[in-house]
Amino acid sequence: MSCILHIETSTAVCSVAMSQDGGVIFEKEDREGPSHSVTCGVFVQEALSFVESHAIPLDAVAVSEGPGSYTGLRIGFSTAKGVAYGRGVPLITLPTLQVLTVPVLLYHDELEDNALLVPMIDARRMEVYTAVYNRALKTVLEVQPMVVDSGSFAAQLERGPVYFFGDGAAKCQEVIKHPNARFLPDIVPLARNMCPLAERKIALGEYADVAYSKPFYLKEFIATQPKKLL
């Protein structure tokens, strides 16, 4: 187990957390809008001051890697890299869509054994960035852009319950009417939910290159032609 600084800035929500031995010992979040250039640095400094005041050594920095907003991810990544480099600790990058999935797995007891989980990040119009995971967080469908219509996820929905969540899911509720479709409100990526994913990467020794790692910017994905999932 380790002491890890977690930074999540991929959406309009800015959050920072510190975990130790798998539990969250400090957290701050701002849901009032994209003011990450101010709040992220302040939250990180408060988190570092907290562990220093308790004589807890920092072991790693984890950052949500996207897809997400260009500005938010740039701020989160530059902050995470600066702390990792300055403190001489490893950097861990985590897929934002997996971060979104963690609270659903942890806190929604109603999930059926065969349920599929579909986190969604809003892009524009009926476009989202999404992936499909099972309850073991194994990838069923890789991260991809998508134009959502009434036929999206038809094969998955025919097999069993599919849970949609994230800031891109609300608009999809208007067009996906299959009886196996479930929509979970108010699920946003938060730093506190990065903890189990970061701990797993440490256990596996999967660290990012501080110099060359970069986030997946949403606007770079939008430049490609979004796909429809049949």
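A salt bridge is taken here as a side-chain nitrogen of Lys or Arg within 4 Å of a carboxyl oxygen of Asp or Glu. In the predicted model, 7 salt bridges are present.

One of these joins the side chains of Arg192 and Glu27, with an N to O distance of 2.3 Å. The two residues are 165 positions apart, Arg192 in the loop between β10 and α6 and Glu27 in strand β3. Arg192 is partly exposed at a relative accessible area of 30%, and Glu27 is likewise partly exposed, at 35%. Strand β3 also contributes Lys28, which pairs with Glu46 of helix α1 across 18 residues; the closest N and O atoms of this salt bridge are 2.4 Å apart. The N to O distance between Glu52 and Arg87 is 2.8 Å. Glu52 is partly exposed, with 44% relative accessible area, as is Arg87, at 37%.

Phe26 belongs to strand β3 and Phe50 to helix α1, 24 residues apart. Phe26 is buried at 13% relative accessibility, whereas Phe50 is partly exposed at 25%. Phe153 and Phe164 form an edge-to-face pair, with 5.3 Å between centres and 70° between planes. Both of these residues are buried, and ring pairs link Phe153, Phe164 and Phe183 into a cluster.

Definitions and conventions. Residues are numbered from 1 along each chain as its sequence is written. This is a predicted model: local features need pLDDT of at least 70, side-chain atom pairs count only at pLDDT 80 or more; totals for chains, interfaces and linings use all residues. Side-chain values use heavy atoms; hydrogens and water are left out. Helices (H or I, at least four residues) and strands (E, at least two) are DSSP runs, numbered from the N terminus. Buried means under 20% relative accessible area, exposed over 50%, partly exposed in between (1.4 Å probe, protein chains only). Rings of Phe, Tyr and Trp (its six-membered ring) pair if their centres lie within 6.5 Å; planes under 30 degrees apart count as stacked, over 60 as edge-to-face and the rest as tilted.
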